[in-house]
Amino acid sequence: MSLFGWLRGKKPSLDPHQQQRLAQLAPPAPLGNGSLRNQRWVVVDLETSGLNLNRDQVLSIGAVVIEDGAVDFSQMFERTLQRADTKLSPSVLIHGLGPSAIAAGSDPAQALLDFMAFVGESPLLAFHAPFDQHMLCRALKDSLGYRLAHPFLDVADIAPLLCPEASMREAGLDDWINHFNLHVGERHHASADALATAELMLILFSRARQQHIDTPQALQERLSQWKRRKQAPSF
């Protein structure tokens, strides 16, 4: 292999059907000026083999859809990915993803194609989104040669932006669930955590409308302004 080929990395090996599906994936739509309520949002949560951004792998994907101001229970996604020779951290075992579950999982390329078909052109939401975004981007690139370009908003930032009175800027998902007295079911696996995040996001969308943030684009712009202010040095 040439030096340039090595730098580019090995191209994923996809069968003709997978190549066709990859070519047919919908391009992402930019966040627009329609109403927050009418926007279809995909709330995603990943379980991974650990927290190392460059070494660990995506083990499972859970996602739910928010549309028309509610969680659409007819649109839910869950896959465990088959990973050979993956060393599991203790936290993964706690979440129920043991070796047998991973051995019985779906082919990663097939699972990721299914997920991106489920996402379509919709923007993504996650709690602590930078981690999920990075890990998902890596998995898609490694398994499909696909570059994820969908808008990806962080619920962990949206919550303190819209609820400054809570004084919980570094809070976790459980902290916000307790703050709003949400009654969620099972936690700590991908689909359950995605659903819990979606329930929290419904409250935050209501808060956004009360603050005259009525469109996805306006929410993204307000979030960007808030993050710039947060990161600005104080004198």
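**Entry 1: Overview**

I began with the secondary structure and counted 10 helices and 5 strands in the chain. I note that the model is a predicted one. I then looked up burial for the chain as a whole: of its 235 residues, 48% count as buried. The accessible surface comes to about 12,500 Å², and carbon and sulfur atoms hold 51% of that area. I also looked at how far apart in sequence the contacting residues lie. Among contacts with a separation of 6 or more, 72% join residues 24 or more positions apart.

**Entry 2: Strands E1, E2 and E3**

I turned next to the strand pairing. Strand E1 covers residues 41–48 and pairs with E2 in the antiparallel sense, over 8 bridges. E2 also pairs with strand E3, residues 70–80, again antiparallel and over 8 bridges. For each pairing I looked up one bridge. Asp-45 has Gly-62 in E2 as its bridge partner, and Ile-61 has Arg-79 in E3.

Is strand E2 enclosed or open? I found that 9 of the 10 residues in E2 (residues 58–67) are buried, so the strand is largely enclosed by the rest of the structure.

I selected Asp-45, which lies in strand E1. Its relative accessible area is 13%, so Asp-45 counts as buried, the cut-off being under 20%. Leaving aside neighbours within four places in sequence, Asp-45 is in contact with Ser-60, Ile-61 and Gly-62, and also with Asp-132, His-189, Ala-190, Asp-193 and Ala-194.

I then selected Gln-75, which is placed in strand E3. Which side chains make polar contacts with the side chain of Gln-75? I recorded Glu-67 at 3.2 Å and Asp-72 at 2.7 Å. Not counting residues up to four places away in sequence, Gln-75 touches Arg-40, Val-64, Val-65, Glu-67 and Phe-118.

**Entry 3: Helix H7**

I moved on to helix H7. The buried residues include Val-155, Asp-157 and Pro-160. I asked which elements the buried residues of H7 pack against. They are strand E4 (124–126), strand E5 (152–154), and the helices H8, H9 and H10. At the start of H7, I noted that a side-chain oxygen of Asp-154 reaches to within 3.0 Å of the backbone nitrogen of Ala-156.

The largest nonpolar core here has 35 residues, and Leu-125, Ile-158, Trp-176 and Leu-204 touch the most other members. At least two residues of this core come from each of E1, E2, H7 (155–162), H8 (173–179), H9 (190–210) and H10 (216–231). H9 supplies the largest share, 7 residues.

I followed Leu-204 further. Leaving aside its neighbours within four places in sequence, Leu-204 is in contact with Val-155, Ile-158, Ala-159, Leu-162 and Cys-163.

Finally, I found a second, separate core of 30 residues; among its members are Leu-25, Phe-118, Ala-129 and Met-135.

Technical notes
Residues numbered from 1 in each chain as written. Predicted model: local features only at pLDDT ≥ 70, side-chain atom pairs only at ≥ 80, totals over all residues. Heavy atoms only, no water. Buried < 20%, exposed > 50% of the residue type's maximum accessible area, 1.4 Å probe, protein only. Helix = DSSP H or I, 4+ residues; strand = E, 2+ residues; numbered from the N terminus. Pairing = 2+ DSSP bridges. Polar contact = N/O pair within 3.5 Å; in protein donor to acceptor, adjacent residues only side chain to side chain. Contact = heavy atoms within 4.5 Å. Core = buried A, V, L, I, M, F, W, Y, C linked by side-chain atoms within 4.5 Å. Areas by Shrake-Rupley, 256 points an atom, 1.4 Å probe, with all protein chains shown as cover.
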